[in-house]
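Subject: Handing over the structure, with notes

Dear colleague,

I am passing on a structure that I would like you to look through, and below it I have set out what was found. Please keep the structure open beside the text while you read.

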Amino acid sequence: MQFRMLGPLQMYDDRRRAATELTSPLQQRLLKALLAHPNTLVPASVLVRELWGGRPPQKAGNALQAHASRLRRAMERAEPGGPGAARLVARDAGYLLRVGPEELDSARFRLGVRRARALAGSDPEEAGLLLRQALSRWRGDALAGPRGPAGDALAVVLEQERLGALEAVFDLSLLTGQHRRIVPELREAVLAHPARPRFREQLGRALAGPRVTPPPAGGGRALRPVPPAPGDARSGGDGAGSGELDRLRALVERIASDQHALRSAIAQLSELVGRTAA
């Protein structure tokens, strides 16, 4: 079974290809709090605050136990024949959710980011494809719906990782000459995240990029010394080389831009990997 957090919370049975969403807001809060600390004992007092904040009901411990039992039964229904009963364990005045990394869509997303980082320097096009595959796991806002403080904190972290991966994929797209393709995506990102200046910078580069003439493919004519401009006291000659000079300048600017994009993408991926490994 997968626990899907990159959108509305779902329990997804791979064998039946069926998704189950919790209808109880309190059970959603409970599962999100446990997913924020997988395979870790979460004290009952912490979970009570997650479910009810500063206004817990009388006999909150009993109420928490009842919601945990209902959540356990919901996991059993979501994964018939699976380890539902053994996943949610009551122990030492707290609860522990047993879940493997392969059962978290967030872990699969982070794995894709790590693989992209490993390829960014040698194969930026393939790295960009891996990032797009990782981003395709997102179905909406992380952990959308009712959640407590732990769920809120996890949602913020996941969203920042998504935006960082999106910035990195745009950098790699610019590096590999896909300027026109990403203009609509960048416009959407700028509108959706006006406080994130990186998207505006990338949009400007994408709009300007098609006007830069790349070097000729297939081993075009070799670059030659630029003839002097007419009246140039340093060297004499005519203006035949002005076009070549412009082309050389554009080529240098393109190379510098590509290097900047690659460094930026690698730095962004390194930051994402470091943050997820912490």
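Two residues are said to be in contact when they have heavy atoms within 4.5 Å of one another. With that in mind, among contacts in the protein between residues at least 6 apart in sequence, 64% join residues at least 24 apart.

Before going further, please note that this is a predicted model, in which local features need pLDDT of at least 70 and side-chain atom pairs count only at pLDDT 80 or more, while totals for chains, interfaces and linings use all residues. Residues are numbered from 1 along each chain as its sequence is written, and side-chain values use heavy atoms, with hydrogens and water left out.

The whole protein

The protein has 10 helices and six strands, where helices (H or I, at least four residues) and strands (E, at least two) are DSSP runs, numbered from the N terminus. Its accessible surface comes to about 14,500 Å², and 54% of that belongs to carbon and sulfur atoms; such areas come from the Shrake-Rupley method with a 1.4 Å probe, and for residues only the protein chains shown count as cover. Of the 278 residues, 43% count as buried, a word that stands for under 20% relative accessible area, whereas exposed stands for over 50% and partly exposed for anything in between (1.4 Å probe, protein chains only).

The buried residues are Gln-27, Gln-28, Leu-30, Leu-31, Lys-32, Ala-33, Leu-34 and Leu-35. Pro-25, which also lies in helix α1, is partly exposed, with a relative accessible area of 44%. The C-alpha atom of Pro-25 is separated by 8.0 Å from that of Gly-145, although the two residues are 120 apart along the chain.

The axes of helix α1 (residues 25–35) and helix α2 (residues 44–52) come within 9 Å and cross at roughly 135°. That makes α1 oblique to α2, given that angles under 35 degrees count as roughly parallel, over 145 as roughly antiparallel, 65 to 115 as roughly perpendicular and the rest as oblique. Axes here are lines fitted to C-alpha atoms, for helices over the stretch in contact, and angles run from 0 to 180 degrees between N-to-C directions. On the α1 side the contact is made by Leu-26, Arg-29, Leu-30, Ala-33 and Leu-34, and on the α2 side by Leu-47, Glu-50, Leu-51 and Trp-52. By class, these residues divide into seven nonpolar, no polar and two charged, where Ala, Val, Leu, Ile, Met, Phe, Trp, Tyr, Cys and Pro count as nonpolar, Asp, Glu, Lys and Arg as charged, and the others, Gly among them, as polar.

Which strand holds Val-42? Val-42 lies in strand β4 (residues 42–43), and it is buried, with a relative accessible area of 4%. Tyr-95 has its place in strand β6 (residues 94–97) and likewise counts as buried, at 9% relative accessibility. Leaving aside neighbours within four places in sequence, Val-42 is in contact with Leu-34, His-37, Leu-47, Gly-94 and Tyr-95. With neighbours set aside in that way, the residues in contact with Tyr-95 include Leu-34, Val-42, Leu-47, Leu-64 and Ala-90.

Two loop residues

Asn-39, found in the loop between α1 and β4, has a positive phi of about 60° although it is not a glycine, and at 42% relative accessibility Asn-39 counts as partly exposed. Asp-92, in the loop between β5 (88–90) and β6, is another residue other than glycine with a positive phi, near 50°; Asp-92 is exposed, with a relative accessible area of 64%.

Helix α5 (residues 105–120) and helix α6 (residues 124–135) pack at an angle of about 170°, with their axes 8 Å apart, and that makes α5 roughly antiparallel to α6. The residues that make this contact include Phe-109, Val-113 and Leu-119 of α5 and Leu-130, Leu-131 and Leu-135 of α6. By class, the contact of α5 with α6 has 11 nonpolar, one polar and two charged residues.
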